[in-house]
Amino acid sequence: MTSQAMPSPAAAGDPLIDSYRRVRTQTEALAETLAVEDMVVQSMPDVSPTKWHLGHTSWFFEFSILAGFADYRVFDPDFEYLHNSYYNSIGPQYPRPRRGLLTRPTVAEVHRYRRHVDEQLIRHLEQGDLDEAGRALVELGMHHEQQHQELLLMDIKHVLFQNPLYPAFRERQRSSSESPAELSWSDFSGGEHRIGADLGGAFIYDNEAPRHRVLLEPYRLANRLISNGEYLDFIRDGGYGEANLWLSDGWALVQAEGWRAPLYWVERDDEWFEFTLAGLEPLDPAAPVSHVSLYEADAYASWAGARLATEAEWEVAAARQAPDGNYLDLDCLRPLPESRPGLRQLYGDAWEWTRSAYQPYPGFRPAPGALGEYNGKFMCNQMVLRGGCCFTPEGHTRATYRNFYYPHQRWIVTGIRLAADGR
C-alpha cells in the first residue's frame, strides 16, 4: 500500500513521531487497569476483546506500511489472518463473532507485537524512509487507533456489565453536581448551505468529502442533550409501551428484546441505577441520557413533539463552534450535565443520532485498494451520528466528522438532541 522511498536525513523532532508515540502510549494506558482475564472476553458479536484491539491497531501499521519494506521482518505471519478486521482486498479474516475464542496469541505476545511494530516504524520515520504517501498512512493509522481507543472503552464497558458484581474499570476521576440548563431552542435560517470537507487540507476521512451544497428549510436545535431525568419521564409516561411513538422496526425490537430503559440502566426496589466505568451508581438525573438506540432516540423525540436533526442541520450549527467538549482527555469517562446557556454539547459527551442515512456525498469516490474499504463499503443500512463522546480522544472529531452505526445498536455512547422545524 506504500512504496519504499529513497532514504533522506530525518528532520530533528519530527512531529509525526511525537504524535505516533502519544497515540500508541494512550492506547496502552487505557488497558493498564485491566487484568488479563478482562482483556480476552467477547460479550457479544459487536464487541471485540481488548487484546484484539491492541493487536489489530498494530496490524494496521504493519501490513499497510512496514510490510512494504524489503528488510522488514513480519512479527508473525498468522497475525495477518487473526487481526485483519474486514479488508477483503488484503485477505481472509478470522470471524469477528469468534474473536473471544482466541486464547492465543497471549496478551503478553500482543504487547511484544506492539513493541516490535513501534520500534520498526519509528526507525523508518527517523531515517526518513517514508515518502509523502507513507507518512499519510501513518497519520491515518493514528486516527484509526484513536477510533479503537473509543471502541476499547465501549467494549470493555459491555464486558464488565455482564458480571453481576458490576466491577469498575476505574474509580470515578471527575464528577459534576450541576443541574442541566433549562431546555431551550436555537433558530437557524433555511436556504443554501455548504457541508462536508475539502480534500487536500488537514486530515479528514474520505467519507467527509467532497464539500457540497445542501438546501435546508428553517429549523431549530435544542440547546443541550436530553438528560436522564427527562428520559425517565418518557419511561414513566409509558413510552416503551406506546406503539405509535416508534418506528416499525424499533417497535418490533422493543417487543422482541423486552427493552424498557436504556442499556446499562438497572432497576432495584423501584429505584434506577446506571452502570458506568466506575461501577453501578445511582442514576444521575442531570447527566445526559446515553446508550440509546436510534429507535429509542426517535421515539423520545416523537413523545416530546419534536424530531431528530438531519446531519446537514447538525453540521451547519456545529461549524460555527470550536470542537471543544467532554472528551476522553478530561478523564471523566461519562457524559456530564451542561448548565451554561446557549447551544452546547455539540461535541463530546455523547454521539448524537441524526435522522440521516449513511450514504455517500455527491461526487464521493472511494480510494483504490484496501483503503477504499475503510468507509465506502458501509454506506448502506446505517445511520449517521455526529459530535463525539466522552470516550473520544480530543482532537479526533470536527464539524464534518461522520460516524455511523446500525439503528438498533446501543452499546456505543449515544445520546439525544431534539430538533424541530423552524417558525
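This is a predicted model: local features need pLDDT of at least 70, side-chain atom pairs count only at pLDDT 80 or more; totals for chains, interfaces and linings use all residues.
Residues are numbered from 1 along each chain as its sequence is written, and side-chain values use heavy atoms, with hydrogens and water left out.

**Stop 1: α1 and α5**

Select residues 15-30, helix α1, and residues 107-126, helix α5. Helices here are DSSP runs of H or I with at least four residues, strands are runs of E with at least two, and both are numbered from the N terminus. The two helices pack at an angle of about 170 degrees, with their axes 11 Å apart. That makes α1 roughly antiparallel to α5. The term covers angles over 145 degrees; under 35 is roughly parallel, 65 to 115 roughly perpendicular and the rest oblique. Axes are lines fitted to C-alpha atoms, for helices over the stretch in contact, and angles run from 0 to 180 degrees between N-to-C directions.

Now show the side chains. On α1, pick Leu16, Ile17, Tyr20, Arg21, Arg24, Thr27 and Glu28. They meet residues of α5 including His111, Arg114, Val117 and Asp118. Contact means heavy atoms within 4.5 Å. Colour the α1-α5 contact by class: seven residues are nonpolar, two polar and six charged. Ala, Val, Leu, Ile, Met, Phe, Trp, Tyr, Cys and Pro count as nonpolar, Asp, Glu, Lys and Arg as charged, and the others, Gly among them, as polar.

**Stop 2: α1 and α3**

Tyr20, Arg24 and Thr27 of α1 meet Leu54, Thr57, Ser58 and Phe61 of α3. By class, the contact of α1 with α3 has three nonpolar, three polar and one charged residues.

**Stop 3: Val117**

Centre on Val117, in helix α5. Is Val117 buried or exposed? Its relative accessibility is 0%, so Val117 counts as buried. Buried means under 20% relative accessible area, exposed over 50% and partly exposed in between, with a 1.4 Å probe and protein chains only. Leave aside neighbours within four places in sequence, and Val117 is in contact with Tyr20, Arg24, Ser58, Phe61, Glu62, Leu66 and Tyr72. Then pick Phe79: its C-alpha atom is 12 Å from that of Val117, and the two residues are 38 apart along the chain.

**Stop 4: the β5-β6-β7 sheet**

Move to an open sheet of three strands, in the order β5-β6-β7, with antiparallel pairing. Two strands pair if DSSP finds at least two bridges between them. The edge strands are β5 (265-268) and β7 (279-282), each pairing on one side only. Strand β6, residues 271-276, joins β7 over four bridges. Phe273 has Pro282 in β7 as its bridge partner.

**Stop 5: β9**

Finish with strand β9, residues 351-357. Five of its seven residues are buried, so β9 is largely enclosed by the rest of the structure. Which strands pair with β9? Strand β12, residues 414-415, pairs with β9 in the parallel sense over two bridges. Look for Trp351, whose partner in β12 is Thr414. Strand β10, residues 383-386, runs antiparallel to β9 and is joined to β9 by three bridges. Here the partner of Ala357 is Met383.
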